[in-house]
Amino acid sequence: MSRVLVLNCGSSSVKYRLYDGDTVHDKGTVERVGEPGGGPADHETAVREILDRVDLAGLAGVGHRVVHGGRRFSEPVLVDDAVFAAIEELVPLAPLHNPANLAGIRVAHAALPGVPQVAVFDTAFHHTLPEAAATYAIDRDTAERYGIRRYGFHGTSHAYVSRRTAELLGRPYDQVRTITLHLGNGASACAVDGGRSVATSMGMSPLEGLVMGTRSGDLDPAIVFHLRREAGMGVDEIDDLLNHRSGLLGLSGVNDMREVLARRAAGDRAATLAFDVYRRRITGYVGAYYALLGRVDAVTFTAGVGEHSADVRAAALAGLDRLGISVDPARNAGSGDRVISPDGAEVSVCVVGTDEEREIARETRAVVGAAG
């Protein structure tokens, strides 16, 4: 019952991890799925290649990351025909991701008919959001008819990182209030109160919230109408602009924070502005979530930028000393899971490496064990 295969099918990649207990027995990533001149032609082909190379003996289950679970799925579930169909119905809410997730489930089920398939949803962790946090101030009937509400994403990451933060601090998870900052090419903030998500920056889609690699994050919705009326841009063109040609890329010409920092250090004005817009948005969310939580025990950085950029961490929390939040420069320059705030700080500032696949494996075991 300890061996679990995790399949994380992204829009153009498939990451896999084979766990034997808590130990990673095998791992890898298939890149450039479906890209011209790239890797496998589609996600089904990529998953078949993975299953051909992995030792599948004695599997207790296969855990699948599914990006959007809508309002129906508030926890991981065993996949049957009804669950598969329900995930398929949610494709309009995650058109780049849910089809890839379904491909992984389809292939794994066909190849391993006797092995339980478990869907673990990015949105599930955020089902604890209060209604006031999940509700947009638009006509109620329209919102209900079209499923318009805040769902939130990066749920497995925020769950893992907030739990790991409590462990790092040596405190019970259900007693810790944490602001988690998942800063990668996609980025989101989450306020976690005793293991429950009570606020998160991404909304109905992953477009809302923080500035990201290519996504705008928060903006005035009237900008969409303005671009349609004044620039004559179509819906698909505006969608492409906000999701793929905005964020750091739109502001500076590059979407990699390492390149933004290098250009900023060289005096590039566009990169400097991009960095300032990026860190200012983070600072604003930290302050807002501090107010919502009332008391904060930790602010934790994770994901590619959050784990590796000391400059971003320092700048994002600069000026928050009055809230008990500060960063020790020497600790900030270190590596690994650690506390980077000064001794005696009212709020611990932490860095934790996210491990979504390990969280998916943990939740898969729980579902399979309960079903058994």
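First, the ground rules. This is a predicted model, so local features need pLDDT of at least 70 and side-chain atom pairs count only at pLDDT 80 or more, while totals for chains, interfaces and linings use all residues. Residues are numbered from 1 along each chain as its sequence is written, and side-chain values use heavy atoms, with hydrogens and water left out. Helices (H or I, at least four residues) and strands (E, at least two) are DSSP runs, numbered from the N terminus.

Let me start with the sheet that contains β1. Its 6 strands run in the order β3-β2-β1-β4-β6-β5, as an open sheet with mixed pairing. Two strands are said to pair if DSSP finds at least two bridges between them. At the edges are β3 (23–30) and β5 (77–78), each of which pairs on one side only.

Strand β1, residues 3–9, has β4, residues 61–66, as a parallel partner over 4 bridges. Within that pair, L7 is bridged to H64, and V4 has G61 as its bridge partner. With β2, residues 14–20, β1 pairs in the antiparallel sense over 7 bridges. There R3 stands opposite D20, and the hairpin joining β1 to β2 goes through 4 residues.

Is β1 mostly covered, or mostly open? Mostly covered: 7 of its 7 residues are buried, where buried means under 20% relative accessible area, exposed means over 50%, and partly exposed is in between, using a 1.4 Å probe and protein chains only. In a regular strand the side chains alternate between the two faces of the sheet. In β1, R3, L5, L7 and C9 are buried on one side, and V4, V6 and N8 are buried on the other. Helix α3, residues 98–111, lies across β1, β4 and β6 (117–121) and runs at about 165° to β4. Contact here means heavy atoms within 4.5 Å. For the angles, axes are lines fitted to C-alpha atoms, for helices over the stretch in contact, and values run from 0 to 180 degrees between N-to-C directions.

D26 sits in strand β3. At a relative accessible area of 24%, D26 is partly exposed. Setting aside neighbours within four places in sequence, D26 contacts Y16, R17, L18, R53 and V54. Of these, R53 is 27 residues from D26 in sequence, with a C-alpha to C-alpha distance of 9.9 Å.

Now the other sheet. It is also open and mixed, with 6 strands in the order β9-β8-β7-β10-β12-β11. β9 (196–200) and β11 (338–339) have a single partner strand each, so one side of each is left without a neighbour in the sheet. Strand β8, residues 187–193, pairs with β9 in the antiparallel sense over 4 bridges, and the bridge partner of C190 in β9 is T200. Two helices pack on this sheet. Helix α11, residues 269–293, touches β7 (177–183), β8, β9 and β10 (298–302), and its direction makes about 160° with that of β7. Helix α13 touches β7, β10, β11 and β12 (348–351), at about 150° to β10.

In α13, residues 310–317, the buried residues are V312, R313, A315, A316 and L317. G319 follows α13 and has a positive phi, near 85°.

Two residues other than glycine also deserve a line. H154, in the loop between α5 (140–146) and α6, has a positive phi of about 60°. H154 is buried, at a relative accessible area of 10%. A303, in helix α12, has a phi near 75° and is buried at 6%.

Next is S162, in helix α6, residues 155–169. S162 counts as buried, at 1% relative accessibility. Its side chain reaches the backbone oxygen of A159 at 3.1 Å. Not counting residues up to four places away in sequence, S162 touches F125, Y173, T180 and V192.For that reach, a polar contact is a pair of N or O atoms within 3.5 Å; within protein, one must be able to donate a hydrogen and the other to accept it, and residues adjacent in sequence count only if both atoms are side-chain atoms.

Last, the second largest pocket, with about 290 Å³ of space. Its lining has 14 residues, with D256, M257, R258, G304 and V305 nearest the centre. Helices α10 (257–265) and α12 (303–308) each give two or more residues to that lining. A pocket is an open set of points on a 1 Å grid over the protein atoms alone, where a 1.4 Å probe fits, with protein on both sides within 12 Å along at least five of seven lines; lining residues have an atom within 4 Å of a point. Points are joined across faces, edges and corners, and the volume is the space filled by probe spheres set on them.
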